Amino acid sequence: MDKPVIAITMGDAAGIGPEVIVKTLQDKPLYERCRPFCVADPGVMAQAVALLELPVGIRRVGSLEEAAYRPGQIDVLRPPDLEPLQVEHGRLSAAAGRAAALCMQEAMRLAKAGQVQGVTTAPMNKEAFHLAGYQYPDEMEYMADITGSPKPYSLGVMGRVWTVRVAEHIAFRQIPDLITRESVLWFTEQLDSVLKRIGRPTPRLAVAALNVHAGEGGIYGREEIDHIRPAIEDARARGIDAVGPVPADSVFVRALAGEFDGVVGMYHDQVNIPRKLQPMGERATMLMGLPVPCGTTAHGTAFDIAGQGIADSSGMHAALVRTIDLAR
């Protein structure tokens, strides 16, 4: 009973989410590390099992008290407001967007109530989410709003290297305004704290530059001089082993070679492009600053292959494993 309870939400039912969940939960050793269950439409999950022709049962539960958490039987809790779905694989729909949101909402309700210690979400489709009337830039902002979490942030996992970024889903021209001494220090502190939490007592961090060639002494911009370098000095004064600003075109070469445990990036694509070049099973996204740690895949709903039974589940598996690591 010391194993964390992990809620797994089905994501967009028209995508590959249900399929990769079912495949992931075939890994019996996961049940030795956690107590997983799904927040989903039971009918959708049953369709995924039938598609894959696996010897798995779908066990509908009305509450977590009824969950068995046993390999070979997937416990499925349906959110109370979720109507049964008629899914057309690969087709954008408001109904699927609403269902994905309701599943997240129920998982967050359980998290706030202390009934789960982590949440892993299958990929959702942001366009379907918006069609359903949810006007949030992404699922992190949605989960933060419904839980009253004032400062959520995301971490990227690429094998042994973890990343965080100062600017998230915003227009490119707005990025420099968010690069301040205070913000760079805050994100550096968060990454250092998380790496220590997963068992790295003295993580070494690289802080990326914003401008080409780290600004070349101010020739190409002053963000490194006015904000990034002072933040690194502040972090070092607090006992954090941080170096930089490291030019963005070399920071991941050095990190992946083993020089750094983590990279503090300045914006979304700066850290996501190198991360998505890594093998699928080494990638995950972690959403922090919420009632519990939340993991999700580093890929989308893959409408083009949904319903064919060929989706790679290693990204979902990685997200669940990292959620367990942080939940424990």
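Predicted model: local features only at pLDDT ≥ 70, side-chain atom pairs only at ≥ 80, totals over all residues.

Trainee: What is a salt bridge, and how many salt bridges does the count come to?

Mentor: Side chains of opposite charge can pair when their charged atoms come close. The term requires a side-chain nitrogen of Lys or Arg within 4 Å of a carboxyl oxygen of Asp or Glu. By this rule, the count is 17 salt bridges. One of them joins D261 to R160, with 2.6 Å from N to O. This pair links distant parts of the chain, 101 residues apart: D261 lies in the loop between α10 (248-256) and β10 (262-265), and R160 in the loop between β6 (153-158) and β7 (161-165). Helices (H or I, at least four residues) and strands (E, at least two) are DSSP runs, numbered from the N terminus.

Trainee: Is D261 buried or exposed?

Mentor: Buried means under 20% relative accessible area, exposed over 50%, and partly exposed in between (1.4 Å probe, protein chains only). D261 has 13% relative accessibility and therefore counts as buried.

Trainee: Which residue forms a salt bridge with K196, and what separates the two along the helix?

Mentor: The partner of K196 is D192, and their closest N and O atoms are 2.9 Å apart. Both belong to helix α8 (residues 181-197); because they are 4 residues apart there, about one helical turn separates them. D192 is buried, with a relative accessible area of 6%, whereas K196 is partly exposed at 38%.

Trainee: Which residues are linked with R322 in a network of salt bridges?

Mentor: The network links R33, R322 and D325. Within it, the side chains of R322 and D325 meet at 3.4 Å, N to O. These two are 3 residues apart in helix α12 (residues 314-327), so about one helical turn separates them.

Trainee: Where is K126 placed, and with which residues is K126 in contact?

Mentor: K126 is in helix α5 (residues 126-131). Contact means heavy atoms within 4.5 Å. Leaving aside neighbours within four places in sequence, K126 is in contact with P137, D138 and E139. K126 counts as partly exposed, at 35% relative accessibility.

Methods: Residues numbered from 1 in each chain as written. Heavy atoms only, no water.
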